[in-house]
Amino acid sequence: MIEHGASSATPVPPASAGGTGSSGRGASRRRYRPLTERDRLTLGLMVGVPTAIVTVFILLPTAASIVLSFTSWNGIGGLENIKFIGLKNYTDLISIYKPFWPAVIHNLTWLVFFLLIATPLGMFLAVLLDKNIRGTRIYQSALYMPVVLSLAIVGFIWQLIYAPEQGLLNNLLGRTAQGNQISWLGDPSLNLWAVLVAASWRQVGYVMVLYLAGLKSVDPALREAASIDGASEAQSFFRVVFPVMRPINIVILVITVIESLRAFDLAFIINKGLNGLELLSTLVTNNIIGETSRIGFGSAIAVVLLMVSVGPIVVYLVRALREDRQ
Amino acid sequence: MPEALTMHGRPLRGLAGLAIVAVLVTACGGGATPAPTVGPTEAPAATSAPSSSAAASLGETTLGSNESDEAPKAAVQAIVDYCQAKTGITVKVNVNDHNTFQNQISSYLQGTPDDVVKWFAGNRLRFFAAQGLVAPIDDVWAKIEQYMTPGLKAASQGSDGKMYFVPVYNYPWVVLYRKSLFAEKGYTIPKTIDEFKALGDKMKADGLVPLAFGDQDGWPAMGTFDILNMRLNGYAFHIGLMEGREKWSDPKVKAVFELWRNLLPYFQEGAPGRTWQDAAKVALVDKKAGMYFLGTFAVEQAGTENVSDVGFFPFPLLGTAYDSENAIDAPIDGFMMSANPKNPDAAKAFLECAGTPEAQVAYVTSPGIGSVAVSPQADTSKYNEVQKASAEILKNAGSIAQFLDRDARADFAGPSGMQGFLISFLTNPKQDLDKFLSDIQTYYDSLPPQ
């Protein structure tokens, strides 16, 4: 690691190798050794153990999924039953498999909705609650409540709200009569939004708590200085507080992306991700779990989900690394 | 006793395990096993239970059950108690959560499954038989065939012609209604589709929804497809379609969806957003819908105070050449034996016993069970109203199908396949049916060979 850092900082790497002594070859290295045996052992363990864990539990399964995505296998019997079928899973996916494109679009909709509506709303509520208005504790607990509930229970609660005859919403709107009902979960042009509201109900609280914690840690002197300089509330937030909270903002952004990509529970509980609620994660489950599973086909969908997830991760890593260097 | 013996996971092993079991068996054997529930169905008739002579030495077998709800769990225990008393074997029941068991069935069967497994007849059985995960039990069938019908035999057979399954009970798909509502409004039970439509019009005029309908879970609509297809194109075509010999792009299938489209004005709208339980409440509790087409298990949704007021009748005839078949969906549940049972003799003794009409009755007369024994020789005198009516309908049914998700391969029937397609039809019934059906066929063809 040390060598690597040093050589990448050198403007002309190969030519200067002999002179700088950082190329790690031959006599120069033996003469000066910054690490003792013990240090090396410690470092080796600290690097080796996490690497082994990541390899065994993340990299190998990922590689296995990618390999399986080129096969046909029903999950029964040993490796000899796995047949390689080339790109067939992928071509079937984009040409024959109806739920695929809706699922991609719904996953992206989910991401955009969280980024533009749920997360900003959570941040907004945090800013309001940070003002120490009366009853702030009550508001905090009420808004944070949904986060404590599992999404399975959130799904159950919202099904009670959206049910056509007995549901709270249709009864409040007086739309329970036949022919006059709103089918919140059955109408494919409506149900994704209905579910997004339910998902946001939880996301807003989550973001709010994180952001509130961040706001509490902002030095009050900064705001004071801003207001003495004549900045308005909005100006002092956007010009002073928001930039100061950069680390929290990044955490929130990452959490929002993660929560959107792993969207699964609500759609699966409501109707196994059918009829307007297709998501890549529910398609993976529907193909792999059950009596006759299509492991290869499900893996192909999982690989697509991986590709979709890798996008934001790469963007984030590139930015984070670039800033580290500065 | 049940708690101790129904713990999850592997059966106790080794001497210690045997000792504990022996103690338990002796401890409660005297009192519990000659189960009072089955006493009346005459244990003395030593007629059946053929291998009971060797009984004492057969020892212990295990039963993996997916019945985690109270009533069916007690019913499984009732048939186990009956067969333990009858054959002298000991059956350890391992109860698993219903959905978990179903989702993990293939890894369960590939691991170290119980000797006997509770499962479903039809394609869902044949798939595992073809994979070699369950064992053939032709010798058991040689003894129980006398109690069974050819239809039951066909449903228990693997693709290789061997027998793999002991059917125990089933329930029919019927049109349910509230007797008091029909009496109050002067409605009569429709026998033909024309009478059904006329009744539907009358109900609409009375401000009722003719037929309650909820398909949020994806499977209830399959029952409607099954019955329309069987009544319109005949049982043989329906089964051929389920097993892939007939094509979904066949004009005969299109005729089914056209018929369904014409009948949709009588169905409750918004079905994709309503659970089957909610639909049942609309018809059977609130009386806002006149009828409801589902399996007889929907009766439970009426609530105890209304159960006796719920009646049902078979789906009306369509006036086709297949009327005489009186085909119906009636899914069969029962037991199969895993590929490498630890004690095959005891497992087979249990299966033989479970195939007898007395054992079947022991199951279905357990409290809260609405299904009926599959054997035509079963004693129906202890049946409740629902069971008596079900038995009558099943007796008159000429051909019995299992249900789309049991007759067709599971990956085709599931959420990625027919559940999704049928919901798409219900959401947009005016869509181009030729394209709709060719999409279904293309999906079927894209599935790997089974």
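1. Start in strand 8 of chain B, where G311(B) is the bridge partner of Y177(B). L176(B) faces F312(B), also in strand 8 of chain B. Strand 5 (residues 173-178) and strand 8 of chain B run antiparallel and are joined by 4 bridges. Strands here are DSSP E runs of at least two residues, helices are H or I runs of at least four, and both are numbered from the N terminus; two strands pair if DSSP finds at least two bridges between them.

2. A word on provenance and bookkeeping. This is a predicted model, in which local features need pLDDT of at least 70 and side-chain atom pairs count only at pLDDT 80 or more, while totals for chains, interfaces and linings use all residues. Residues are numbered from 1 along each chain as its sequence is written, and chains are lettered from A and ligands numbered from 1 in the order in which they are written.

3. Back to strand 5 of chain B: it also pairs with strand 7 of chain B, antiparallel, over 5 bridges. Is strand 5 of chain B covered or open? Mostly covered, as 6 of its 6 residues are buried (20 or more other C-beta atoms within 10 Å of a residue's own, with C-beta atoms placed from the backbone). W173(B), V175(B) and Y177(B) point one way, V174(B), L176(B) and R178(B) the other, and all are buried. Note the arginine in that set.

4. The sheet as a whole is open, with 4 strands of chain B in the order 6-7-5-8 and mixed pairing. Strand 6 (209-212) and strand 8 (310-313) of chain B are at the edges with a single partner strand each, so one side of each has no neighbour in the sheet. From one strand to the next the twist averages 30 degrees; angles run from 0 to 180 degrees between N-to-C directions, with axes fitted to C-alpha atoms, for helices over the stretch in contact.

5. Two helices to look at against this sheet. Helix 11 (residues 220-233) of chain B packs on it, touching strand 5 and strand 7 (289-295) of chain B, at about 90 degrees to the direction of strand 7. Helix 14 (residues 276-284) of chain B touches strands 5, 6, 7 and 8 of chain B, and its direction makes about 140 degrees with that of strand 7. Contact means C-beta atoms, placed from the backbone, within 7 Å.

6. On domains, the assignment for chain B (automatic or from a database) gives domain 1 (2-170 + 332-394) and domain 2 (173-329 + 409-446). Their contact takes 9 residues from domain 1 and 10 residues from domain 2 of chain B. On the domain 1 side, helix 17 of chain B has the largest share, 5 residues.

7. Between the chains, 35 residues of chain A meet 36 residues of chain B. Helix 15 (residues 280-288) of chain A gives the largest share of the chain A side, 3 residues. The predictor's scores for the complex are an ipTM of 0.77 and a pTM of 0.80.

8. Finally, confidence. Mean pLDDT (per-residue predictor confidence, 0 to 100) is 86 for chain B, with 87% of its residues at 70 or more. Residues 1-55 of chain B have pLDDT below 50, yet that stretch has 63 contacts in the model beyond near neighbours in sequence. Where pLDDT is low, the predicted coordinates should not be read in detail.

Note on methods. Buried ≥ 20, exposed ≤ 12 C-beta atoms within 10 Å, placed from the backbone.
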